[in-house]
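Welcome! Please keep the structure in view as you read.

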Amino acid sequence: MNLLDLIRTKANSFPNGQRRQGIDAVILHIETAEKYWKFACNSSDSNMFTDVIYRSNQAFEGTLKEAYEVLADRDPSNKTPYEIEMYLSENSIFRDRVLSLFTRYRKDWRNQAAHDYKLFFDEQEAILAITSVTTFCNILLDQMLSKSNEEHEKLKASEFSMEIISSIGNYNTLNLVDKLTALIKRSYYYLMEGENPPQSKLEFNGQLAGFIKAIDPSLVIRQEVIVDSNKRYQADFVFSSDGESVIVETQRSKNGSLFLERAESQLRQYMTSSSHKEGLLVFYKPGIKESIVDRKEELPIDSRQQNITYIVPYES
């Protein structure tokens with residue numbers, strides 16, 4: 001796995017070419033850190049390992065500036081790196097996985113290198129810094145991509161909100177799972193049309209969130225939600241409204257019954273851990289605008305009712 005190639009792919013996935021210049025600068029810092037590391041390994045100048053840390057920190061700061069603009073919707077140009085770090089950490093901007101990586105990198109590399117000029121690093125510390133910042137950048141880009149796709153689709157879908165609501169009979173009287181089912185079915189027509197339908201799960205989830213927020217702003221949407229006390233399970237979405245709550249998992253559609261069984265088993269684990277009665281399993285396939293709905297109601301081993309609604313792309 002080449003983590004830099006992953007970063008390049010994600011940089012190219014932002015709507016309308018957004019963020020390309022800033023992310024290219026981050027990539028350049030990481031590439032330079034790798035060159036310094038190789039040079040230090042093949043020469044007698046071990047001081048270059050410390051330069052690796054400084055370049056890794058530049059990549060860290062650059063990624064945070066991009067995130068500050070995307071996730072906080074604020075201009076980073078007049079902010080110091082410290083001010084940006086504090087704002088992002090104190091305002092619950094990061095999702096759980098990103099926050100964990102941010103805290104670890106800041107503690108192990110950023111703070112030490114910034115505050116102790118007598119500190120020097122060795123080969124192992126240098127490679128750890130490179131891999132840590134590259135992983136952090138990848139995972140943070142996931143959140144940024146989701147947010148950018150969400151905002152882009154929200155703006156597009158707002159033009160059709162009244163039309164979509166009126167096409168759903170007695171929408172306001174439906175329960176939450178039926179509202180979501182109707183909205184997600186209709187989202188296929190809008191998300192999958194055109195030359196560039198969402199390819200990755202990140203793009204699809206971001207666009208789906210934006211679509212639903214545009215059509216029904218009253219629904220509360222949480223993404224990448226930890227649903228168990230041991231922090232093992234993370235659901236794609238939890239939707240809630242008027243005391244109702246539904247877990248939603250999305251998957252890019254693949255052939256085979258084993259794939260479906262695993263997806264259902266995963267969702268049931270999430271539902272059991274979080275005591276949810278209703279779950280939605282949403283499959284998508286780029287370019288397929290039709291979908292069919294199925295519903296399975298059953299009692300699992302612990303005798304608590306669990307209802308799963310499937311939305312599957314329809315291919316003639």
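The largest nonpolar core has 41 residues, and the ones with the most contacts inside it are Ile-7, Ile-30, Leu-64, Leu-71, Phe-94, Leu-140 and Met-144. A nonpolar core here is a set of buried Ala, Val, Leu, Ile, Met, Phe, Trp, Tyr and Cys residues joined through side-chain atoms within 4.5 Å. Buried means under 20% relative accessible area, exposed means over 50%, and partly exposed lies in between (1.4 Å probe, protein chains only). Two or more residues of this core come from each of α1 (3-11), α2 (20-41), α3 (48-71), α4 (81-90), α5 (96-115) and α6 (123-157). Helix α3 gives the largest share, 11 residues. Apart from this core lies another one of 31 residues, including Val-177, Leu-183, Val-248 and Val-282. In soluble globular proteins, nonpolar side chains tend to be buried together.

Before going on, note that this is a predicted model: local features need pLDDT of at least 70, side-chain atom pairs count only at pLDDT 80 or more, and totals for chains, interfaces and linings use all residues. Residues are numbered from 1 along each chain as its sequence is written, and side-chain values use heavy atoms, with hydrogens and water left out.

**The whole protein**

The protein has 10 helices and six strands. These are DSSP runs numbered from the N terminus (helices: H or I, at least four residues; strands: E, at least two). The C-alpha trace spans about 70 × 45 × 40 Å along its principal axes. Of the 316 residues, 47% are buried. Contact means heavy atoms within 4.5 Å; among contacts between residues at least 6 apart in sequence, 64% join residues at least 24 apart.

**Rings in the helices**

How many aromatic pairs are there? The count comes to 12. Rings of Phe, Tyr and Trp (its six-membered ring) pair if their centres lie within 6.5 Å; planes under 30 degrees apart count as stacked, over 60 as edge-to-face and the rest as tilted. Phe-60 and Phe-102 are stacked, 5.9 Å centre to centre with 20° between the planes. Phe-60 lies in helix α3 and Phe-102 in helix α5, so this pair ties together parts that are 42 residues apart in sequence. Phe-60 also forms a tilted pair with Phe-136, at 5.2 Å centre to centre and 45° between the planes. Since Phe-136 lies in helix α6, this pair ties α3 to a part 76 residues away in sequence. Both Phe-60 and Phe-102 are buried, and Phe-136 is buried too. Ring pairs link Phe-60, Phe-94, Phe-102, Tyr-105 and Phe-136 into a cluster.

Val-282 sits in strand β4 (residues 278-284) and is buried, with a relative accessible area of 0%. Beyond four places in sequence, the residues it touches include Val-248, Glu-249 and Ile-311. Glu-249 is found in strand β3 (residues 244-252). A polar atom of the Glu-249 side chain lies 2.5 Å from the backbone nitrogen of Asp-236.

**Charged pairs**

A salt bridge is a side-chain nitrogen of Lys or Arg within 4 Å of a carboxyl oxygen of Asp or Glu. By this rule there are 19 salt bridges, and the table shows some of them.

| Salt bridge | N to O distance |
|---|---|
| Arg-8 and Glu-31 | 2.4 Å |
| Lys-107 and Asp-108 | 3.7 Å |
| Glu-150 and Lys-213 | 2.6 Å |

Glu-150 in helix α6 and Lys-213 in helix α9 (residues 201-215) are 63 residues apart, and their pair links distant parts of the chain. Glu-150 is buried at 3% relative accessibility, whereas Lys-213 is partly exposed at 26%. Salt bridges that share partners join Asp-5, Arg-8 and Glu-31 into one network. Arg-8 is partly exposed at 27% relative accessibility. Lys-107 is exposed, with a relative accessible area of 57%, while Asp-108 counts as buried at 17%.

Key
A polar contact is a pair of N or O atoms within 3.5 Å; within protein, one must be able to donate a hydrogen and the other to accept it, and residues adjacent in sequence count only if both atoms are side-chain atoms.
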